[in-house]
Every structure is written in C-alpha cells, then in structure tokens.
There are 2 protein chains.
Amino acid sequence: MGAQYVEWEDYPDKKRKAHEILVSQSFPPPPEFQLAPIPGIRWKLWHRAIGGRLAVVPEESWAIVLKEKSQDMLHLLQFPYNGEPPKKLVTAQPITPNPLHFVRNHGGIPSIDPSAWFLRLDGLVKTPQKLTLSDLQDESRFPRMERLVTIQCSGTRRIEQIGLYAGEGDEMINAPWAEGAIGTAKYVGVSLKKVIKYCGGLEEGAKHLELVGADTYFKMNEVMNYAISVPYSKVKSHEVMLVWEMNGEPLPKIHGAPVRAVVMGYIGARSVKWLYRITAITEPTRAPVQSKEYLYFNQQVGKHNQRWIDGIQIQEMPVSSAIMSPWNKQVVLHEGKIEVKGWAYSGGGRWPERVEVSADGGFSWYAVPTENLSTKHKFAWRTWQMWLPCDVEGWVEIVVRCWDNSLNTQPIEVRNAWNWGLHVTSSAHRIRIYSVNKKKEKTRERLGEFERRGVSFVPITRPTDFPYMTWEEYEEYFKKAGPRDVDE
Amino acid sequence: MGAQYVEWEDYPDKKRKAHEILVSQSFPPPPEFQLAPIPGIRWKLWHRAIGGRLAVVPEESWAIVLKEKSQDMLHLLQFPYNGEPPKKLVTAQPITPNPLHFVRNHGGIPSIDPSAWFLRLDGLVKTPQKLTLSDLQDESRFPRMERLVTIQCSGTRRIEQIGLYAGEGDEMINAPWAEGAIGTAKYVGVSLKKVIKYCGGLEEGAKHLELVGADTYFKMNEVMNYAISVPYSKVKSHEVMLVWEMNGEPLPKIHGAPVRAVVMGYIGARSVKWLYRITAITEPTRAPVQSKEYLYFNQQVGKHNQRWIDGIQIQEMPVSSAIMSPWNKQVVLHEGKIEVKGWAYSGGGRWPERVEVSADGGFSWYAVPTENLSTKHKFAWRTWQMWLPCDVEGWVEIVVRCWDNSLNTQPIEVRNAWNWGLHVTSSAHRIRIYSVNKKKEKTRERLGEFERRGVSFVPITRPTDFPYMTWEEYEEYFKKAGPRDVDE
C-alpha cells in the first residue's frame, strides 16, 4: 500500500489522535439560507429625479415610519413604505394597536398642516364646498360616527402565490405580504353621506365619488395623485367614513392624517389617505389604481395576453382566514393537541360564521368551538383559538378555512386562486409544522436525553453527536432479527 | 391647499416635466433572488486539523476536479467534491461523457500510484491474495467484462424534498442534488466472482464482501476509510465488477482510479472508489455508511425518535424518472405541443417499460411512444422524448412517471415519499413551466408587438411599458358593456 493516504484501521494511534483533535476544537455549524428583502430603490430615484418637494419625501417618510410604527414591524418595502406586524402580534388582540397596524402606502407621506387643510367637494354635487377639519368636526353640522372596521390589503398572503409561481413583476405591487396585511381599528369621523347632503346632494347622473389623496403616484412614467372611486350606493348606506381618529388617537400621519377615507368591506386601496378632494362623477374613475390595477385575472392571463377588461375589479375581498400560531416551519412540542390561533374575515359586510382547522393537509376538519371566536361585526374580522388534536409526528400541514354567513368558503389550494397580479390569496391557509408528540414514549425519552445533556433540540436540522440508540442495542437487535439483507 | 405636496392635476407643466425626466433616464430593474451555494468548509477544517497527508487533500482534490470534470458541472459541494451536470446535458446522450458524469465523493481524492497499487483480498476467503493492476488485467487469469451501467446516487432529486420540508441537516449528506445525480457509462473490468474464485472461493459462513476505499471518511468525530458491503449473492450473479476503464478511457482519478467497484442496480454508494481491500465476512459490515447511513425512514421518524433499526437499508433504487427539458420555471413558447425529454430508471435489474407524461399536474397521462425510448438494458436507464399536447396558457405543471417491467410505478407527490434522511426522491417528477401558446390569436398578436418593438418577452416578471390594449379600446369596451360596478 502506498503512503499517500491513510489506512486508518491500520493506525489506531493516528485514529485516536485525530479523534482527540476533533473533539478538542469547535467547527462552524451547517450553513443557513435566507430570502433577501426588497430595497425599493427605484421609487426613491424617481422622487429624486423629479426633485423639488419630492426630493426630500423618501427621507421624511422614513422618519415618520420610525416615529409612528412599532420597532417590531416587518418592513417589506422601505419606500413607498409597506410594512406589516410580525406573526406573533397580528392577532395578539382583536383590535390592532396603531403602531402595529399594517401600512401599504402607494407613495411618500405628504406633509400636511392640519390647520391649513381643507377638503374640496366638487364635480356633480349641487353646491361645491370647501370644508376645514373644524367644519367636519362640528357636530352641529355632522353627527359623529364610530365603527370597528377591518382593513385588508388585496395583497394579503401574496407570498404564498409568489412561492408557487412567479407573477407580474413590479417591486411596488409585488410586495411579498404574509398574513399581517390586515388590521382592525375603531375609527371616528363622519359619514360621507352626511357631507354630500351638506353639499345639497348629487346632481342628476352622479353615481360614483372619486376620492383623491395628496400622495404622489407614479405609473408608466407619469406622476399623479393617488385616486380611486366608490359607488354612491356604498356611500348611501353609510359605509364610507371620513376619519380623523384611530383607536382613540388622532389619525397617525402614516395612516393619512389629517383625514382619510374608510370604505368598509372594500379593499384597503379604496380607503384613501391624506384625502383632499372628493368629486362626484357619472362613472368609475379612470385613475390607474381603479381602472388598470387591482384587477383579478383568470389563471391563463399573463404578460402574453393581458387586457384590462378581462380582469374583475377587486372591491370586496372574499372570505379568508389565516393561522397566526403556530408559525410555518415551527417545531411544535406538544402532548397530542396543538394550540392554533388566527383570524377570519369576509369582505362586503359578510362575517365569519365557522372556522375549521385540519391537521392532515385538509382531509379532515375540526370546527373551532363557537365560543372561541371573537365577537361578530359586520365589517370586522374574528380572531379564534382552538386545541387541535394531532397524533402524527414529523412534518404535518395545518390548514384553516372559513365559512361566512353567505356560506362562501375558500378554495383548498393556492393554485386554485393563483393569478398573474398575485392578488387575493383566498385559498385555505396552510402551514407546515414539525410535530413532536411528547405522548409517545420514544419521543419523550429522546427529549429527556437532550435535556440531560443541556443540548437544544432545535434547530432540528442541526445534527446531534449522540445517537438515540447505542451500538450494543443495534447489535442486539440484528442478532435477533437477522441481517438487513435476506439470505437466499 | 398647502404648498407642501404637489397636486399634479393642477400643474400640467410640472406633470409633463416629470414625465420627460422619467423617460430620459434609466432605472435599475426589479430585484432578483438566488439560493446560496454550500461552502463545505467544515470538511476542509477537519482535514487541516488532522494535518499531515490530509492537510493538502482539499487542494489536491480540487485540482483534480478542475482537470477531469467539465467546466459545465454544477458544484454542489467543493469538498468533498459533489457535482452534477447541468440539466441541458444530463440526457443529451444516452451514455454520459466522463467529464459530465456526476460525482458524489465522501472524502478527498486519494493520490494513488497505479504501479504501486494492489488489491488485498482477505477475511473468509480460502486463499487470501494480493493482486496488482497487471494481475487483474491478465486475461489468462480473469476474463474481461464490459457492461453499460447506470449509477444513481440515492440523493438524486433531493432538492425537491428539501424544498418541501427541511430534513436531517448535514452539509455532506444533504447536498441538494437535482436530476443529474445519475449517469450511465460503459465500464470495463473483471467480475468480482472470478476474483473470489481465484482466491479459492469463500470459507463456510461467508455471505458478504466488505469493499474498502482509500478515501478518508469522517463520522461523529472519528476518521476511517470509506467502506460498505455487498451480499455474495450479488457477486455470484456477476453483478459486481472491478473496473479500470470508463467509456473507453482509463478510469479518471475522481471516479476511483486505479480501480473501483461497480455494483450494478445498487445505489452509487456501494460502488466503492479507490478500492484497495475486499474482505469476506459473515454479516453486512458495521461500517457507518452501511449500518447507520443510507437508511430510509417512515415519514414520522426524525431527530426526536430516530433509531437505525427502523430505517430500510437503501440498496436498490425504486423506479423513477425525470424531465430534463423543459426546465423548471422555463417560459415555453410553443404551437400547442411542448417537446419534453428526460430519463427513466429502475434499480435492481428492473428496467423502464412505459413512461407517461402529464400537462395537467397528473390528472391525465400521455404515454411516450415506445419508439421514443432508448434501448432497454438490465442495468441502465432509458432516455426518452415526446411532443406533449398543451392548450393551456400560464403556469402549468408537467409531470412524468414510469412503470418498470415489474409494473412498479412512482408515488405522485413529493410528500408521499418524503423522509428525514431526504433520500430516494421517488415521487413523480413535476416541473412548473410558463406556457405561451402561439396558436392563440391574442398571444400571437402580443408576441408580435414585443418583436416589432425589439423588446424581449422574457423575463415575464419584468413589467412592460406598453399595454396590450389602448386606452381608446378600453373606453370603447365599457361604453358598450357598462361600468365595472353594477348599477342599482
């Protein structure tokens, strides 16, 4: 045998020495991977390229984020700011604290002096008006209104669609939202219907109201103010509020101060922030956010055949739900039952009636006990909790689905509702958890071994130095059972 | 209105100027993500810590990789070297060229002088022998043997299991193999049976042969030579060769020069490279690769309850197949039929009889025409090709499955065969492709538009500046169809 390699079994001394070296030093752990965040550079460059007032908006906006939002927020996009609370805080309370409420801004945050601000009402109203904040707050003119409202972004849970198939690419609309792009707050303001009435009502033919915000929007090399419209029918039923208070505090700048719209049961994109103008019109606005974006296409529509007219306009969100605890990829040590928590919501004034959870990927469903659901509201989510039976160990998929009061329920797989715009992830929410059932003897013993040695059981992908079975036990077993290969 | 933000519609001049600025500059494209490679640092540190001959092995081995393997190889792990050919080359030819044959080394490449090399035969053989390379090549003693053999790593397509659920973590055994950890070559050597006969045959009770390689293996702070065993029944039927020639060339160093074993129909881990010793034994070897690794566990077995005795020893690979063209996430422009190519293989001397392909995620299956499969062999794969009908546009999932001559077929989903060790990804191989069907008028028109403008259609996630529909067409449509919202 040549001397250019080591025949270890021939050199027990070398072998022992090597062993000693290895146990006397520490080596780096196996590598990990992570997903990179989206920088949002283009929008800043656009603002700087335009210059003037806009040049400083990115920095100003970021300063407001740091001041008004919780340090726990997950920043999906720095500018325009898109952020959501981390999973553990989304449903910690049925009402979302302001610093944790998700933010999906379409532009920078305008700097508005509330005392100089007024709202313009024009277009097809009988008497166009300019109303200051004091005017709106004058209860002799407008009765005060308070509502608990859930606002949901149509991009909620988009990350699941992105994970399945790539879709329309644009760092703005493609923000990879998880389950936190939804929030619930108590809003105080006035009904837009009362304000329209104050303008003498609508002219003949007026059927929609265009709401315009002070934020600058960029679209295909054009700049404009953010604008959408809502049908007057929505206004008439007191489902559109003009709001200056959120959860007992003045409306935060990042959420639209001094005054924003809150359009109940519609996607968040309709609840215009930094509102400064309302125009009565005959048809839905042609502003791009309303006419060319937030469209829901058939699965086969894409870059190769997309026409705006083929997309359904996304106004109301369908029934949906999410598991907020445990988390995807979490290692769950339990005693045969796993605590599961989350939210359920349905748009358009429908509400969750039943929430069902599965521990076997959607084959069998357990109903969340009615008493474990938070209070019903016409325009708010319900949070829920249950103990889900789970005997199985290893990777299991926990799934939730909701039935609303119209008996709508959710498609079962992400692909069922996948669409090019990556909007409206309405499929049953599924998470993968690693189940470790301490009711099982072998598992309990093994966990005890980790504890005795003071070694952390997680991450499960980190190998252990101590096998569960001794070499003697292994030999013993095969002495009785015969070798692994069948003898002829 | 304050002067602190821009009401764009009030300042057409500013708006126009902004537009001019935007079209006059270029901005960076939307961001992309990528998976990080595995560095393989621990094994190098181990070698350096041990020192002596081993200290230089990482560099020597890498130099051999660069010399013997194609520049096209995908390096999954630099050291010990693990690499596979890129998808476009895996099935380019039914016989894999040596520089493109996958390599799954368990240690560094030993430096062996062929003229000094000899093979030791000992243990329960009647007459222990030492045979030089010239001895083995002496046709008066040993008849020459030539066979076409497919060698497959039990980690082939592991990346699909990793993508679904994390499993046992170890940068060595967890190499994220794709579909290229399989290769087919014509080997020349002698049958091990003849060599055993030359030793006078086996002693009473000898049922297994331990094959030992010159490479150094590290396991739980121990060092040793790489070793496994094969049952004598396998040897007796001339299914174990001692090989020094691969595809008409001397066996490359990286593939085990001067002599390696080729165990037909077994996983690659049994075909020991840099072979220097064969020992006849009564039971399968207790060497870790054979006794504690390459075990196939039930889905519920993991870090919390894993015992070696509960895993099935992985010797033969089950029936499997893979799509090598198109590639996962490829944008496929076609005329209603997509060309699909790949391989199919079954271990243990079974062979692919039928290959079936689906364009709808596994709901309907088309058989690959028999004449489109390469020649049948007892121990080699079959490559195949077909034109798969596909009318659907957008993201579709193409799936392949194989039936072997024993009528075994593949589980349909990755989860069906997922296991803690991430071995034996035997589920039907599925890829996601973006289908663009030029037989559709709208699609053809749109592609023409990209061509006229000289703009690349891919990547599809890159937004376009020119919509498919004009504003006038949009207005026209809603004039006829009415607005998006239903009027009361």
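Predicted model: local features only at pLDDT ≥ 70, side-chain atom pairs only at ≥ 80, totals over all residues.
Helices (H or I, at least four residues) and strands (E, at least two) are taken here as DSSP runs, numbered from the N terminus. Residues are numbered from 1 along each chain as its sequence is written, chains are lettered from A and ligands numbered from 1 in the order in which they are written, and side-chain values use heavy atoms, with hydrogens and water left out.

Most residues other than glycine have a negative phi, and most peptide bonds are trans. A:Tyr294 has a positive phi, near 50°, and is not a glycine. A cis peptide bond leads from A:Phe79 to A:Pro80, with omega near -10°; A:Pro80 sits in the loop between strand S1 (74-77) and strand S2 (82-84) of chain A. Another cis bond joins A:Val458 to A:Pro459, with omega near -5°, and A:Pro459 belongs to the loop between helix H10 (441-453) and helix H11 (471-481) of chain A.

Next comes a pair of helices. In chain A, helix H2 (residues 41-50) packs with helix H3 (residues 57-68) at an angle of about 130°, their axes 9 Å apart; axes are lines fitted to C-alpha atoms, for helices over the stretch in contact, and angles run from 0 to 180 degrees between N-to-C directions. H2(A) is therefore oblique to H3(A), given that angles under 35 degrees count as roughly parallel, over 145 as roughly antiparallel, 65 to 115 as roughly perpendicular and the rest as oblique. The contact (heavy atoms within 4.5 Å) is made by A:Lys44, A:His47 and A:Arg48 of H2(A) with A:Val57, A:Pro58 and A:Glu59 of H3(A).

The two chains also meet. From chain B 125 residues take part in the contact, and from chain A 124 residues. Together the chains bury about 11,100 Å², 61% of it on carbon and sulfur atoms; buried area is the accessible area (1.4 Å probe) that two parts lose on being put together, summed over both. In chain B, the most area is lost to chain A by B:Lys303, B:His304 and B:Trp395, together 8% of what that side buries.

Salt bridges (a side-chain nitrogen of Lys or Arg within 4 Å of a carboxyl oxygen of Asp or Glu) number four between chain B and chain A. A:Arg286 and B:Glu475 form a salt bridge through their side chains (2.6 Å, N to O). Over all chains the count is 50. Within chain A, the side chains of A:Glu397 and A:Arg432 form a salt bridge (3.7 Å, N to O). Because A:Glu397 lies in strand S22 (residues 394-404) and A:Arg432 in strand S23 (residues 429-437) of chain A, this pair ties together parts that are 35 residues apart in sequence.
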